[in-house]
Amino acid sequence: MNELDQCQKKIKILQEALKQNYNIQRELEKSNEELNRLRKQVTEQQEIMIEQQKLASMGEMIGNIAHQWRQPLNALGLVLQNIKKAYERGRLDEAYLEKAVNKGKMLTTKMSTTIDDFRNLIKSKKLKERFFIKDIVNDVIEMVEASLKNHNIEMVLELDENLETESYPNELFQVLINLVNNSKDAFIEQNKNGFIKIKTYQKENYIIIEVIDNAGGIPFENPNKVFEPYFTTKDKGTGIGLYMSKMIIEKDMEGILGVENVEDGAKFTIKLPI
């Protein structure tokens, strides 16, 4: 083979290599386009789930406001009935009327304050703050206490008063509200009474928050299945609450959220860095 033939052969080899390289580049470009499309779909799905979670939180908030309003509404109804009775019996003088009006104002102010308190608790304020865990737990209790009492569910607290961390207090509040409401719903579905316990303590360099109930537990060999998106055991559930809770704890707060079945119930464990 002469030198010219050798050069032509090398040129053909190089041309074939360039052709293959071009094809590989085209395949890579197609793969990148598909990957970007999938990323966009995932982002859109996450945005939809976040919006659904916000709607679910609003529903829970309205339900809890209704429970908190029940007592002052009943009291306000009695005030109005007593005014009518006092008028019918000729005892409606200026002093009686002023007293009744003042009580009515006090009750409506309490109802208005309830709305403001709840709105402040659920608003999304993505700011890192230093806070005590007990303060967030107490906020949760304030919000759900009336609803739990209405369903004869006992709230049990075992709190380390000194646990403090720097993170997102509103996000932690949302997660705890979700866990407590899930336990409450389990009791309601089974038409049984029971307890929900929130326990906090320090283990090494981590804060541990446990939410424990005796509502029968999670009916799966792997309880962590409940964290899958759109998975739900409720007839009208969205299945996004626990998925979003896990995302908040593990992606936003750099912690861990897990679950296990315990005697007669389930235990959700949040692990946060101090």
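This is a predicted model: local features need pLDDT of at least 70, side-chain atom pairs count only at pLDDT 80 or more; totals for chains, interfaces and linings use all residues.

Residues are numbered from 1 along each chain as its sequence is written, and side-chain values use heavy atoms, with hydrogens and water left out.

Select Leu172, Leu176, Ile209 and Ile270, which touch the most other members of the largest nonpolar core, a set of 40 residues. Such a core consists of buried Ala, Val, Leu, Ile, Met, Phe, Trp, Tyr and Cys residues joined through side-chain atoms within 4.5 Å; buried means under 20% relative accessible area, exposed over 50%, and partly exposed in between (1.4 Å probe, protein chains only). Next colour helix α4 (169–190), which gives the most to this core, with nine residues; helices (H or I, at least four residues) and strands (E, at least two) are DSSP runs, numbered from the N terminus.

Now turn to the salt bridges, each a side-chain nitrogen of Lys or Arg within 4 Å of a carboxyl oxygen of Asp or Glu; the structure holds seven of them. Select Glu164 and Arg130, whose closest N and O atoms are 3.7 Å apart. Glu164 lies in strand β3 and Arg130 in strand β1, so the pair ties together parts that are 34 residues apart in sequence. Move on to helix α5, where Glu250 and Lys246 lie four residues apart, about one turn of the helix, and their side chains meet in a salt bridge (2.7 Å, N to O). Finally, select Glu210, Glu260 and Lys267, which are linked in a network of salt bridges.
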